[in-house]
There are 2 protein chains.
Amino acid sequence: MKNRPTISDPYTDPNTYPPGVAFLDDQYVPVGAAKISVLDNGFLHSDATYDVVHVWQGAFFRLDLHLDRFFQGMDKLHMSIPYEKPQVTEILHNCVAVSGLKNAYVEFICTRGTSPTFSRDPRDAVNRFIAFAIPFASVASPEQMDRGLHVAITDVVRIPPLSVDPTIKNYHWLDLVQGLYQAYERGAETAILLDTNGNIAEGPGFNIFMVKDGTVLTPDYGVLMGITRQTIFELCQSLQINCSAQGISPLELGAADEVFITSTAGGVMPVTNLNGKAIAAGQVGSLTRRIKDHYWRLHEQQTDRSVVDYGHASGL
Amino acid sequence: MKNRPTISDPYTDPNTYPPGVAFLDDQYVPVGAAKISVLDNGFLHSDATYDVVHVWQGAFFRLDLHLDRFFQGMDKLHMSIPYEKPQVTEILHNCVAVSGLKNAYVEFICTRGTSPTFSRDPRDAVNRFIAFAIPFASVASPEQMDRGLHVAITDVVRIPPLSVDPTIKNYHWLDLVQGLYQAYERGAETAILLDTNGNIAEGPGFNIFMVKDGTVLTPDYGVLMGITRQTIFELCQSLQINCSAQGISPLELGAADEVFITSTAGGVMPVTNLNGKAIAAGQVGSLTRRIKDHYWRLHEQQTDRSVVDYGHASGL
């Protein structure tokens, strides 16, 4: 007969985690203690929606837009949580205040959860809400922000809207990850995926923009309706720059005067090399720079800010 | 100034979990204690592959095939774990033996994990291996096994191979879950999704088969290469029943003599109603019954069994 192992009680977690604070099951915990069961359908079926908002210099940026999208995503997935928007707002403020982080990346998630009877029927599951604040993250490093990202257009097709509604922010990223590995193999730093029409779609965590003859263009189909993307539209309007969403072929992108990507994780980030070839002169474009500067200036507007009161937060 | 909450230490988990044993970080724990960080890319990007094998009457069924598929999936995703197949086999046997479960559903998972430096580059992440054994689960309830499942063909398109390689068993299920809700709205119990050609693909956790004029047919494109599906091919060959994989339209499925679905979670399960209409006479088909009986008889063959030595297992 074989000797079998014994149960480890308690289990010891050997992994390291960043600083930050999370909320789950009505408790605030260090982010490293924020874990979900391997049986949660948010993991086992990636049956979840989420949103990410950033805190910059002690204030949330456009939090209401992120909350609206999150609650719409839950509706579309037939999910519900025992909190309304004001309560979620309070929870997110608490995570940031207790973490003490002045620049933070704040993610809030609803998973399908598990069923108390272990049924496979998603209608029986108790949905779970989780939130966490960690240090601000960016798709581009400071060096890449400075000289522009090097990007490859891959032949991976972004999961199409007929399969998964891209207006529901979701964790279905295997296509994006495979695109990343293709990009790395070609010496690029990140990837652009195609849509089912062969046009460009989006990359891992970002929307794509190009500038041609003074007009700003971005794909209109099969992409996340990014809040930063929306902010660029509004910003261009206020700056009287033409901006429109339409199909963009890889060839058109290659002939752009300027290219940049947008994400809550980093804002407006220049791209200067596409498929190993310099875009225009291979320098960060002047319109890209202007839009980026205005994007960060928007962070000072009272209408878009939700200031965190760090108060008597006990910290970690 | 606001009063902020304090950190809960330790965190108390209010959720309930089924019996079973899990393995992670070189430790065996009750399955309710098996959790992954919310920062693990296996959750945040569904960047993971997995497999499920079942244990029936104290023996694994066709474990080697599941292990082969799992290791191939990891290769395709550029993942690696510090265990070879014999070690994974030992871990799975341990989970089952310690759980004491004679009929079990055994899942093993590789997630991208997290990067020790919190980099966004998947190449920097330390991949994680997790396994667990819980009581045997079935897509169909005993009543549904008896009278046949009621299924609806939805208009949701299964995530296509151009986006995510279906030969990598993955957790991208939002399309399947949306299909399920469509099916529920139409009074059905589970869903069939389409492929990008408008043919039928698969359902949530199962492959689809039909019988027409004594021939067994199943879709050939955009579907998981199920081990149970493969077992049906082999079983039909040994029984001298014609069996082939080819495109099947919804109309063709509706005109079938018999329909059944296959999954590790339940084996061979009859379907007797499609889109609210009885299939043929609305009874479990005779060939379905014969294939199902042979499927379970295969579980007694020494070549397909890997017997668990429950030995001196301490249990829970």
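Two residues are said to be in contact if their C-beta atoms, placed from the backbone, lie within 7 Å. With this rule in hand, the reader may follow the predicted model shown above from the parts of one chain to the meeting of two chains.

Chain A is divided into two domains: domain 1 covers residues 21–135, and domain 2 covers residues 142–298. The centres of domain 1 and domain 2 of chain A, taken over C-alpha atoms, are separated by 27 Å. Where the two domains meet, 16 residues of domain 1 of chain A are in contact with ten residues of domain 2 of chain A. On the domain 1 side of this contact, the strand β4 (48–56) and the helix α2 (63–76) of chain A each supply at least two residues. The largest share of that side comes from β4(A), which provides seven residues. Sorted by class, the side of domain 1 of chain A that touches domain 2 of chain A has seven nonpolar, five polar and four charged residues.

The next step concerns a pair of helices in chain B. Two packed helices are described by the angle between their axes and the distance between the axes. The axes of helix α6 (residues 227–238) and helix α8 (residues 286–298) of chain B come within 10 Å and cross at roughly 105°. Because angles of 65 to 115 degrees count as roughly perpendicular, α6(B) is roughly perpendicular to α8(B). On α6(B), the residues at the meeting point are B:Thr231, B:Ile232 and B:Leu235, and they meet B:Ile291, B:His294, B:Tyr295 and B:Leu298 of α8(B). By class, this contact of α6(B) with α8(B) has five nonpolar, two polar and no charged residues.

Finally, the two chains may be considered together. In the model, 74 residues of chain A are in contact with 75 residues of chain B. Several elements of chain A give two or more residues to the side that touches chain B, among them β2 (27–30), α3 (85–99), β7 (126–135) and β8 (149–157). The element that gives the most to this side is α5(A), with six residues. The residues of the side of chain A that touches chain B divide into 43 nonpolar, 20 polar and eleven charged.

Strands also link the chains. The strand β3(A) and strand β3 (residues 35–37) of chain B pair in the antiparallel sense over three bridges. Within this pairing, A:Ile36 stands opposite B:Ile36 in β3(B).

Notes
Residues are numbered from 1 along each chain as its sequence is written. Chains are lettered from A and ligands numbered from 1 in the order in which they are written. This is a predicted model: local features need pLDDT of at least 70, side-chain atom pairs count only at pLDDT 80 or more; totals for chains, interfaces and linings use all residues. Domain bounds come from an automatic or database domain assignment. Helices (H or I, at least four residues) and strands (E, at least two) are DSSP runs, numbered from the N terminus. Ala, Val, Leu, Ile, Met, Phe, Trp, Tyr, Cys and Pro count as nonpolar, Asp, Glu, Lys and Arg as charged, and the others, Gly among them, as polar. Axes are lines fitted to C-alpha atoms, for helices over the stretch in contact, and angles run from 0 to 180 degrees between N-to-C directions. Angles under 35 degrees count as roughly parallel, over 145 as roughly antiparallel, 65 to 115 as roughly perpendicular and the rest as oblique. Two strands pair if DSSP finds at least two bridges between them.
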